Amino acid sequence: FFQRLKRRWLVCVQMARWITASLLASAVASFGDGEASLEQLRSAMERVADQMRDKYDMSIAAAFYSPKLNFTVASGYTDAGLGMGNKTRLAKGDDLYVWGSTTKMFTAPAVLQLVEQGKVQLDDPIAAHIDPTLWALNHSKLEQHFGAAIDQVQIQHLLHMTSGIQDYDGEAFSKAQFANRSKAFGPVEIIGKFVSPELQSTPGTKQMYCSTNYILLGLVLATHYHQPDSPWSWQQYDQFTVIPQALQKAFQHSKFVMSGPCSDFTVVHGFMEFYPSAQLPKQDVWDVSCLGGWTAGNYLGSVADVARFTYELYNTKKPTILSASSQALLTNFSTMSGGMMKFYGMGTFNLDWSIGSGAAYGHVGDTYGYQSQTTYVPEDDFVITVATNVETTKQAQPADFTCLAYHALKAAMKGTAVPHCAMIIPQRFIGRCVCLPELIV
């Protein structure tokens, strides 16, 4: 009797799952330009993912997130790329990828939350918020390394990439990391050994992308999240605190790495092209440290988790992470020096070039063996997120996917033919998404 009952129960469960899946696939959502079903949108994105898989020889995972529909797609093999590895494991939508600099998209709002709480002011000198941690760790202060010029660097300069501080992530650091592949270089060692004491420009006058800024912001957070009567340690800062407690259960496929190689945390191998600045050959970097500059690059997660966080961070209809005034700071791309290249706000890239027209922003990730991009389009109120297991010299594949996927999705929503589009990247990373009649095919 019990066996028959169990079999009937299993049949009911399977039927319920099939019915639910069928309803979801046929569900139709209305967008500004029309309406589309989940299956139509997923098919559009899958075609682009397969195209990119073949074009770049890589594994790829991508997510679409909106308040109405969300889904993931995947293509390729997670243990192969760039002609290396063995194609034995198919990519899955919930695989964990290494996101590198996309970590900054978590660090910036964490600092702005301190500003909202009145614990930090944007024009505060950074030393006031960093020296307590440095002193507790090794009896040092920022001025001992940088000299008196560091007193002019403010919190907003770090956030906006206008501090004038040199980036640690260059030839010397790469050589040291690959000579000690699994070693986790912590913030104090990075600043002491791989960051010049000379400022590259007067604080607030020139915008230059620099991951050191976001390591220093990590030390600001470590100071303010230090628990009284507990030992001082930069590792004690819990990076998940940027996500409101009520939302944290939605991020089950996310990790912030403190030590260990990427192989300890994900099945997705990372493949790197020849690295000219440090003379590093083409290779699988799965066994390299995943700390990645700590609060500048230590996030691992699924495309679905990143897409959801991107939406929660930037949408203005129902913001959950920051106030409207802080959201405006994230997406203020004007440079303090009035420069023409307005590419970075606070923890946020201007990504309008990757969809062709209209506003778009989020972040890109470029780290050993992995490159990615997550993009919020405010006019359409949706997110496109993509992660790949290769690091190419041009860093073209995330933007290439975003360009083609965006226009394929828009065509599905409008019920029109998919336009001929291409991502043109003259040198590296930043380029232009163009479609007919702009594009001659």
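**Figure 1. Strand β13 gives the largest share of the lining of the largest pocket, 4 residues.** The model shown here, as in every view below, is predicted. The largest pocket has a volume of about 940 Å³. Two elements each give two or more residues to its lining: helix α7, residues 171-179, and strand β13, residues 361-367. In total, 42 residues line the largest pocket. Five of them lie nearest its centre: D169, Y275, D366, Q395 and R428. By class, the lining of the largest pocket holds 21 nonpolar, 14 polar and 7 charged residues.

**Figure 2. K175 sits in helix α7.** Helix α7 is one of the elements that supply two or more residues to the lining of the largest pocket. K175 has a relative accessibility of 44%, so it counts as partly exposed. The view also takes in Q279. K175 and Q279 are 104 residues apart along the chain. Their C-alpha atoms are separated by 8.5 Å.

**Figure 3. The second largest pocket holds about 290 Å³ of space.** Its lining is made by 21 residues. S357, Y406, H407, K410 and K414 lie nearest the centre of this second largest pocket. Helix α12, residues 397-414, and strand β18, residues 432-435, each supply at least two lining residues. Helix α12 gives the most, with 5 residues. The lining of the second largest pocket divides into 11 nonpolar, 5 polar and 5 charged residues.

**Figure 4. Helix α3 packs with helix α10 at an angle of about 35°.** Helix α3 covers residues 104-116, and helix α10 covers residues 303-314. The axes of the two helices are 11 Å apart. The crossing of α3 past α10 is left-handed. From α3, the contact is made by M105, F106 and P109. From α10, F309, T310, L313 and Y314 take part. These contact residues divide into 6 nonpolar and 1 polar, with no charged residue.

**Figure 5. T72 lies in strand β4.** Strand β4 runs over residues 70-75. Is T72 buried, partly exposed or exposed? Its relative accessibility is 29%, so T72 counts as partly exposed. Which residues does T72 contact, leaving aside its neighbours within four places in sequence? They are R42, A62, A63, G93, V303 and A304. Of these contacts, V303 and A304 fall within the span of helix α10, residues 303-314. S302 also belongs in this view. T72 and S302 are 230 residues apart in sequence. From C-alpha to C-alpha, T72 and S302 are 9.5 Å apart in space.

**Figure 6. The protein chain as a whole has 12 helices and 18 strands.** This view sets the close-ups in context. The chain has 441 residues, and buried residues make up 54% of them. Contacts between residues at least 6 apart in sequence are considered next. Of these contacts, 67% join residues at least 24 apart. The close-ups include two pairs from separate parts of the sequence. One is T72 with S302, 230 residues apart in sequence and 9.5 Å apart in space, C-alpha to C-alpha. Another is K175 with Q279, 104 residues apart along the chain, with C-alpha atoms separated by 8.5 Å.

Conventions
Residues numbered from 1 in each chain as written. Predicted model: local features only at pLDDT ≥ 70, side-chain atom pairs only at ≥ 80, totals over all residues. Heavy atoms only, no water. Buried < 20%, exposed > 50% of the residue type's maximum accessible area, 1.4 Å probe, protein only. Contact = heavy atoms within 4.5 Å. Axes fitted to C-alpha atoms, helices over the stretch in contact; angles between N-to-C directions. Left-handed = near helix turned anticlockwise from the far one by under 90°. Nonpolar A, V, L, I, M, F, W, Y, C, P; charged D, E, K, R; others polar. 1 Å grid on protein atoms, 1.4 Å probe; cavity = no way out; pocket = protein on both sides within 12 Å on 5 of 7 lines; lining within 4 Å. Points joined across faces, edges and corners; volume = space filled by probe spheres on them.
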